[in-house]
Amino acid sequence: MPIEKALTFYLPDFKSELKIPIINEGVSAGFPSPSADFIEKNIDLNKELSKNPLATFYIKVKGNSMINAGINDKDVLVVDRSLEPQNNKIAICFIDGEFTVKRIKLDKECLLLMPENEKYAPIKVTEENQLIIWGIVTYVIKAL
Amino acid sequence: MYALVDCNNFYASCERVFQPKFNGKPVAILSNNDGCVISRSNEAKALGIPMGAPIFKIKELVKEKNVQVFSSNYALYGDLSNRVMAILNQFTPNLEIYSIDEAFLNFDGLSILDYHDYGIQMKNRVQKWVGIPVCIGFAPTKALSKVANKIAKKFQERTAGVYIIDTEEKRIKALKWTKIEDVWGIGRRLEKKVKLRNINTAYDFTQPQHEAWIKKEMGVLGMRLKYELEGKSVLDLEPIVEQKKSIAITRSFPKQISDYDALRERVTTFAAVCAEKLRKQHSCCYTIIVMLVVDKFTITTSKYYFNRAITLPFGTNSTLTIANAAIDMLKQLHKGNEHLKFKKAGVIVTGLTDENKKQFQLFDEENPKHLALMKTIDRLNNKVGTNKVKLGSQNLMLTWNMKQNHLSPKFTTNFNDILEIQCQ
């Protein structure tokens with residue numbers, strides 16, 4: 001992946017929300033803090049990483065079957081249950097009594113759960129399998 | 001139009017969200033301290049595990065039928081409950097959270113063409129987003145929506161979990177089907193009374209020949225219920241969370257206790273927790289009750305339950321006052337019973353009033369110094385951690401020691417406890 005695409009820098013947009021500061025607590029001598037107007041502009045990762053907090057859960061990964069998708073052992077996944085399963089999405093799957101993370105592949109009327117590691121084989125889902133798509137993975141949080 | 005939304009076997013369903021392998025399997029949830037069964041999956045109900053069954057009584061059944069048993073995980077249930085309620089709130093701004101797993105909704109002012117379809121949407125969204133199955137009853141009054149909900153739950157296959165009472169014919173049919181003891185607000189005591197009058201169904205209750213009797217025996221509440229069942233709405237949503245009418249802290253001991261000092265420590269702690277809860281909801285209590293329970297198998301007499309109550313001339317939420325009163329009563333209860341082995345104790349405070357609406361007392365009043373002291377204790381405990389500041393008669397080392405042998409992780413409220421899955 002080219003680096004310039006992988007990193008996006010966000011510059012603060014001052015134009016859209018420029019407010020005139022109103023100091024309610026009486027007028028005090030001195031110049032009001034120039035930062036007071038920007039206090040609400042902290043970045044809230046909760047907001048950024050969970051578009052739908054009511055349906056968002058965190059899940060910890062154990063294992064290596066998804067390393068090519070950037071999901072490693074001990075990573076924490078942000079999972080949104082409200083999203084619909086789609087081709088190519090990475091999903092939390094509950095198949096035949098076990099949880100796993102896999103990429104969903106719709107292949108000519110057949111559903112495949114694809115690992116992202118050559119050492120693992122795809123799982124072909126047939127009518128005999130019991131599958132629940134528990135949620136869709138939206139972000140990976142990892143400690144470096 | 002009102003709706004009652006009720007989560008199906010809520011606690012069991014919460015456990016299954018994170019452990020779907022127990023779908024279709026019998027699941028039972030135990031009360032605090034792993035005492036008795038407080039929630040069952042349908043499969044556990046079908047095995048004949050009764051509500052409230054003490055765990056030792058169903059031990060064999062649990063083993064034989066492979067029933068999955070959980071300690072209650074209120075951190076998890078509370079979080080999932082909040083999510084369910086917030087989702088319901090997306091369908092109407094008018095919501096009354098009735099309990100951890102039930103809410104009344106009102107749709108006045110919204111134009112909804114098809115309530116069945118709207119109900120299915122609500123049900124599906126809660127199921128998809130949180131994983132909790134619900135049933136929904138729609139009706140013109142709150143009491144009838146409870147009835148409709150019961151029908152939706154009982155006939156889930158035919159109703160798809162959503163039932164609407166919107167015609168006179170459906171209302172009468174529903175009332176005739178509803179046993180009087182299942183009607184909202186008819187408790188055990190009332191059940192006997194109304195049955196003596198040959199009122200056996202909700203429909204009987206609404207018949208004109210009982211009106212005078214209901215008025216006389218059940219007063220305004222009875223009449224309100226009658227109107228509600230007749231389809232005349234008299235109960236509105238109650239958005240403000242009602243203060244609890246009493247607070248009870250009771251625990252079984254891990255080992256039986258005879259020793260007075262050990263009992264005093266426990267009773268003091270229970271009293272302290274009662275007082276703290278009172279202060280949290282800004283209430284005061286007038287009456288304090290202490291109870292002791294003897295292990296039935298260790299005695300030859302029939303008296304195994306001991307209790308004593310005192311009503312103070314003033315309302316209080318001071319830990320000192322409540323603990324002192326409780327210790328006094330404990331002293332009296334323990335005297336002459338020193339040989340008994342107690343397996344359970346409790347402190348109950350009742351006769352609650354609003355902290356700010358205490359009656360003016362001419363002679364007796366709570367020591368005003370207590371108020372400041374309690375505020376300080378609460379602040380310190382908030383700051384440095386729960387229950388670091390205690391009374392001298394409490395044991396600093398002894399904590400709750402709640403028995404939770406089957407506790408599931410706090411999947412949604414503790415980062416160290418989040419669901420871990422094998423990626424293989």
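This is a predicted model: local features need pLDDT of at least 70, side-chain atom pairs count only at pLDDT 80 or more; totals for chains, interfaces and linings use all residues.
# A first look at chains A and B

Five bridges join strand S5 (residues 94–99) of chain B to strand S6 (residues 102–106) of chain B, and the two run antiparallel. The points below go through the hairpin, the interface, the sheets and the salt bridges in turn.

**The hairpin in chain B**

- S5(B) and S6(B) form a hairpin, with two residues between the strands.
- Within this pair, Ile97(B) stands opposite Ala103(B), which belongs to S6(B).

**Where the two chains meet**

- On the chain A side, 30 residues are in contact with chain B, and 24 residues of chain B take part in return.
- Eleven residue pairs are in polar contact across the interface, counting pairs with both residues at pLDDT 80 or more.
- Four strands of chain A each supply at least two residues of the side that touches chain B: S1 (56–62), S3 (90–95), S4 (98–107) and S7 (131–141).
- Of these, S1(A) gives the largest share, with seven residues.
- Sorted by class, the side of chain A that touches chain B has 17 nonpolar, eight polar and five charged residues.
- One salt bridge is found across the interface of chain A and chain B.
- That salt bridge brings together the side chains of Lys62(A) and Glu420(B), at 3.7 Å from N to O.

- Strands of a sheet pair through backbone hydrogen bonds, in either the parallel or the antiparallel sense.
- The link between the chains is made by S1(A) and S13(B) (residues 419–422), which pair in the parallel sense over four bridges.
- Within that link, Lys60(A) has Glu420(B) as its bridge partner; Glu420(B) is also the residue whose side chain forms the salt bridge with Lys62(A).

- S4(A) and S5(A) (residues 110–114) run antiparallel and are joined by five bridges.
- Asp107(A) stands opposite Cys110(A) of S5(A).
- Two residues lie between the strands of this hairpin, and Lys108(A) takes a positive phi near 35° there.
- S5(A) is in turn joined by three bridges to S6(A) (residues 123–125), again in the antiparallel sense.
- Leu113(A) has Ile123(A) of S6(A) as its bridge partner.

**A sheet within chain B**

- Four strands of chain B form an open, antiparallel sheet in the order S9-S12-S10-S11.
- Its edge strands are S9 (246–257) and S11 (305–316), each of which pairs on one side only.
- Direction ignored, neighbouring strands of this sheet are turned by 15° against each other on average.
- Eight bridges connect S9(B) with S12(B) (residues 342–354), and Ile257(B) has Phe342(B) as its partner in S12(B).
- Helix H12 (residues 260–280) of chain B packs on the sheet and touches S9, S10 (283–294), S11 and S12, with its direction at about 155° to that of S9(B).
- Helix H13 (residues 319–334) of chain B lies across S10, S11 and S12, running at about 150° to S11(B).

**Salt bridges**

- Side chains of opposite charge can pair when their charged atoms come close.
- Over all chains, the count comes to 20 salt bridges.
- One of them joins Lys142(A) and Asp75(A), whose closest N and O atoms are 2.9 Å apart.
- Lys142(A) is in the segment after S7(A), while Asp75(A) is in the loop between S1(A) and S2(A) (76–80), so this pair ties together parts that are 67 residues apart in sequence.

How values were computed: Residues are numbered from 1 along each chain as its sequence is written. Chains are lettered from A and ligands numbered from 1 in the order in which they are written. Side-chain values use heavy atoms; hydrogens and water are left out. Contact means heavy atoms within 4.5 Å. A salt bridge is a side-chain nitrogen of Lys or Arg within 4 Å of a carboxyl oxygen of Asp or Glu. A polar contact is a pair of N or O atoms within 3.5 Å; within protein, one must be able to donate a hydrogen and the other to accept it, and residues adjacent in sequence count only if both atoms are side-chain atoms. Ala, Val, Leu, Ile, Met, Phe, Trp, Tyr, Cys and Pro count as nonpolar, Asp, Glu, Lys and Arg as charged, and the others, Gly among them, as polar. Two strands pair if DSSP finds at least two bridges between them. Axes are lines fitted to C-alpha atoms, for helices over the stretch in contact, and angles run from 0 to 180 degrees between N-to-C directions.
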